[in-house]
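This report looks at selected local features of one protein model, from helix packing to backbone geometry. Please read it alongside the sequence and the coordinates shown here.

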Amino acid sequence: MCGIFGIIDLKGRRSVPLSVLKRAADAMVHRGPDEDGYLQRPGFGFASRRLSIVGLADGQQPVFNEDKQITAIFNGEIYDHDDWRRDLKSRGHVLTTHCDTEVFPHMWEEYAEDMFEKLNGQFAVALFDERKQKFILARDRFGICPLFWTRTTRFGTDWLIFGSEIKTILATGMVEAKPDRRGIDAVFNFLAVPGPFSCFEGINILPPGRFLTISRGRIGEDATIDERTYWEMDFPAAGKEARGQNEKQLVNDFERVLYDAVKRRLRADVPVASYLSGGVDSSTVVAMAKDILGAAPATFTVKIRDPKLDETEQAAIISKHLSADPYIVPCGSEDIVANYQKLLVATEAPVTDTSCTALMMLAGKVHEKGFKVALTGEGSDEWLAGYPWYKFDRINEWSGKATAGLLPPIVQKSFYRWLGCSDDAIAYLERCAKSAGGMHPFQRFYDLLSPSRFRFYSPSMLGALSAHDPYAAIEPDVSRAKTWHPINRAVYWAGKIHLPGQLLSLKGDRIAMSQSVEMRYPFLDNNVFDFIAGIDPKWKLKGLTEKYLLRRVAEKWLPESIAWRPKGMFRAPLDGFFLQQRLPYVDELLSDASLKKSGYFDPSAVREWRGKYKDLSPWGYQRSSAELGLVAVLATQLWHHTYIDPTLANLPDWRTIAGVSNERRDLDFAERVPESVAC
């Protein structure tokens, strides 16, 4: 993994000062502490930071084709790059390094935009074709690697700026940090920011499976910018899936596909470690990795300091079974509180899931022990209906059949009332379900937080978002989705929202790379997804057994108690901010004065719910909904203080925490650069 950054003059050929490129690169040094690279040419500049994992001695960036007319900078891993090397060499291309980055300029020559759907990997890449005066920004299928971009008019011309992190864009001094209320609203709808907008006004998230084409004309002419989809999730029509009548054969086929995916992700010129939670996903990955390597990889496990949330006992069973010696990282409420602002600096968005802090600490331990790469099991729950709300939906489905379909809508509305939803909130939730193509299991999860919009938003916030539809903004293919089995419709939304917006961002790349660690995801292999997408949904959720097909594979590799252990949500305590200790910065951020400054929330409502939520049953949905809402309010206030207005509390801002200079010097953009310069 690495970090990439670039500035493009869309109308002219002004020079980009090296000082600006270095300032942006310094803002993401954690993404690539091993080395940096720069390219200056008339009208644009590229910068990269490298975490060297493949081709340690010769993987410097930028990379070029033979005549240096095509250049690329790249973040990620291409797991089938050896196959593409052989293909390209057979076509007459000359490749001189051992690094996967080098395949990009040559594949562009052969396949142009068709190249992206051919790649099996995780990537964010920027290419420039000198002859065509064309730039390409592209992102992998599932959104493992982040990529942000914006346009700004400064110094007499129109600029496009992109980067692996928003901090790189802000560090240039060319873009002012302002809030985008749609991004904040995404947190209150999805507990995630899936895009296409971020929490910063004008700074866009390039969605997964898409590429951006920037074509420059003559000097003084407007460039054209076009965003296109090269890959989209798809499933067979309901009833047309591969039925899998021979269960044994289906299990063997899936085992082979998953095993190959793990094997691909062990390819590196440095040792590869693995996360181990004790659940069936990561445990199966570690077991297969041991078989491939001949010994278990180093494993890392979080120990939540709450007996009800601690999974280390299950992880210990796996460690003993595989003769692994795991590193254990304790995490409690005090750790979450102490590291929460650092978490938001890494994620650049409000975070309601406090377990993200635990995972950031886990990545820190991986780095401390000298590893740069770790495997993880994310994606399994998304593709194989692994979350509890799928079971809830199945029970609801059975109830509907027993009552000719009359009970579920009644139950749903009663559930909203029980959560304390107003009529406006109920109407909004029903509108969201319609935009999503109908109620889906993942929406039952989102319903826990969405009512908090109407509990806590200020009138001006609600007014600003009155016409905003968070589902429609994601541009779903609702008509196509209606042909799928309901489980696959939910899998689709999990892959569009939860996976890129939370698991691969707030719990994935952003926190892992803040500690200079690359995460690799066997369940997000192209072939794994294609296999699971095509099978009968009964192999995903069989009765009330989630991830059934994976469990059948796992029982060949793991103790039965782990292979068939019910899904346990990995989470950390929420109430450390409010119940266990009184923290000055919490009271400062949630004061009437600070709430009025940011303008997102109603101070009287925040006061009211801070007082009464603790009297609700600690195991009820009402308590969970209120807790999530209050944490979201606090996280948003802390994000606003950190990035937008550092006067809400007695805390530092993001530049201080990240060590980024606040200087605005050296923004002297010249008319043009006489010749290309690579540093």
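## Helix 2 against helix 3

Helix 2 passes helix 3 in a left-handed crossing, where left-handed means that the near helix is turned anticlockwise from the far one by less than a right angle, and right-handed that it is turned clockwise. Helices (H or I, at least four residues) and strands (E, at least two) are DSSP runs, numbered from the N terminus. The two axes of helix 2 and helix 3 are 11 Å apart and pack at an angle of about 55°; such axes are lines fitted to C-alpha atoms, for helices over the stretch in contact, with angles running from 0 to 180 degrees between N-to-C directions. Helix 2 and helix 3 are therefore oblique to each other, given that angles under 35 degrees count as roughly parallel, over 145 as roughly antiparallel, 65 to 115 as roughly perpendicular and the rest as oblique.

On the side of helix 2 the contact (heavy atoms within 4.5 Å) is made by H81, W84, R85, D87 and L88, and on the side of helix 3 by V103, H106, M107, E110 and Y111. By class, these residues of the contact of helix 2 with helix 3 divide into 5 nonpolar, 2 polar and 3 charged, where Ala, Val, Leu, Ile, Met, Phe, Trp, Tyr, Cys and Pro count as nonpolar, Asp, Glu, Lys and Arg as charged, and the others, Gly among them, as polar.

## Basis of the model

The model is predicted, so local features need pLDDT of at least 70 and side-chain atom pairs count only at pLDDT 80 or more, while totals for chains, interfaces and linings use all residues. Residues are numbered from 1 along each chain as its sequence is written, and side-chain values use heavy atoms, with hydrogens and water left out.

Helix 3 (residues 103-111) is largely enclosed by the rest of the structure, because 7 of its 9 residues are buried; buried means under 20% relative accessible area, exposed over 50%, and partly exposed in between (1.4 Å probe, protein chains only). The buried residues of helix 3 are V103, F104, P105, H106, M107, W108 and Y111. Their cover includes helix 2 (81-90) together with strand 4 (63-64), strand 5 (70-78), strand 6 (121-129) and strand 7 (134-139).

Just after helix 3, A112 takes a positive phi of about 50°, and this residue lies in the loop between helix 3 and strand 6.

## Helix 7 against helix 8

Helix 7 contributes S283, V286, A287 and K290 to the contact, and helix 8 contributes I318, H321 and L322; by class, the contact of helix 7 with helix 8 has 4 nonpolar, 2 polar and 1 charged residues.

## Cysteines

With a disulfide taken as a pair of cysteine sulfur atoms within 2.5 Å, the count comes to 0 disulfides. For C145, the closest cysteine sulfur is that of C2, at 9.3 Å, which is too far for a bond; C145 counts as buried, at 0% relative accessibility. C199 is likewise in no disulfide, the nearest cysteine sulfur, that of C356, being 14 Å away, and C199 is buried with a relative accessible area of 1%.

## Loop residues and backbone geometry

In the loop between helix 1 (18-26) and strand 2 (35-41) lies A27, which counts as buried at 2% relative accessibility. Not counting residues up to four places away in sequence, A27 touches E165, K167, T168, A171 and V660. The C-alpha atoms of A27 and G163 are separated by 10 Å, although these residues are 136 residues apart along the chain.

The peptide bond joining Q61 and P62 is cis, with omega about 0°, and P62 lies in the loop between strand 3 (44-50) and strand 4. The bond from G195 to P196 is also cis, with omega near 10°; P196 is placed in the loop between helix 5 (181-190) and strand 10 (204-205). E475, although it is not a glycine, has a positive phi of about 60°. This residue, E475, is found in the loop between helix 17 (459-464) and helix 18 (478-481), and at 49% relative accessibility E475 counts as partly exposed.
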